[in-house]
Amino acid sequence: MIAKMQTTPAPHHAKVQARRWPNRELPETAEDDGASTIPELSEVAKACRRCPLWRNATQTVFGEGPDKAKVIFVGEQPGDQEDLAGKPFVGPAGKVFDAILDDAGVDRLKVYVTNAVKHFKFEPRGKRRIHSKPNAGEVQACRWWLDKELDLIKPNLAVALGATAAQSLLGKVVPIMKMRGAVVEREDGLRVFVTIHPSFILRIREPADKQAERERFLKDMKAVKTLMAA
Ligand code: SF4
């Protein structure tokens, strides 16, 4: 079933005219100087100051994958390991994601993987950095880059991995468990498949429940594979 949904795409300006974050102490943000490839866009994003998350993170973690991938997977934000490596989905959740994609017959090298928010948000706790959920303003600010990725790649399917990704892609709060498995068509025609973030599987302690959730996610990824071919 494909549901139609009114979305509110972020405005596409030729240039970032000025900082949008109300913090007056922030320096001017990165300019979109006409990047026409993902590597160029990734380079420009390194100087992004559109929200305060750049301050404490190690680096921007931009998306990875073929420039003309048919499908783009969107997660929430980089985690601790991604922040250090500068690559998306290389931490524990990424390993679960890779294994299940493999089981579903989806070649990760042929898909584009990114996050709704490109800097790691965390709370320091001793020597550890604990994941902190990005707020709506940060998601909205970083949507600038996700929209640019979508413009360049022009996928025929986007997969929202979790609530933050769904909110960024669809411009509104999405009840994930209620919408899971649904395909929502945006006003610009992009189909968005809604599912959980793979870190949800990691957080389940009971082995039987964890296995059941893994099976559900595998079923979702098989549905994505079918949609990729459509
Ligand atoms: S999280 Fe996104 S919008 Fe905020 S500074 Fe980083 S790249 Fe820019």
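Guide: The secondary structure of the chain amounts to eight helices and eight strands, both being DSSP runs numbered from the N terminus (helices H or I with at least four residues, strands E with at least two). The model is predicted, with local features needing pLDDT of at least 70 and side-chain atom pairs counting only at pLDDT 80 or more, while totals for chains, interfaces and linings use all residues. Residues are numbered from 1 along each chain as its sequence is written, and side-chain values use heavy atoms, leaving out hydrogens and water.

Of the chain's 230 residues, 51% count as buried, that is, under 20% relative accessible area, with exposed meaning over 50% and partly exposed lying in between (1.4 Å probe, protein chains only). Among contacts with a separation of 6 or more, 71% join residues 24 or more positions apart; a contact means heavy atoms within 4.5 Å.

I turn now to the ligand.

The ligand takes up the space of the largest cavity; a molecule sits in a cavity or pocket if more than half of its atoms lie within 2 Å of its grid points. On a 1 Å grid over the protein atoms alone, a cavity is a set of points where a 1.4 Å probe fits but cannot get out, a pocket is an open set with protein on both sides within 12 Å along at least five of seven lines, and lining residues have an atom within 4 Å of a point. The whole structure holds two cavities of 30 Å³ or more, and the largest cavity contains about 110 Å³ of space. Such a volume is the space filled by probe spheres set on the points, which are joined across faces, edges and corners.

The lining of the largest cavity numbers 14 residues, with Cys48, Cys51, His119, Cys142 and Trp145 nearest its centre. Helix α4 (residues 136-153) gives the largest share of that lining, three residues. By class, the lining has nine nonpolar, two polar and three charged residues.

Key
Nonpolar A, V, L, I, M, F, W, Y, C, P; charged D, E, K, R; others polar.
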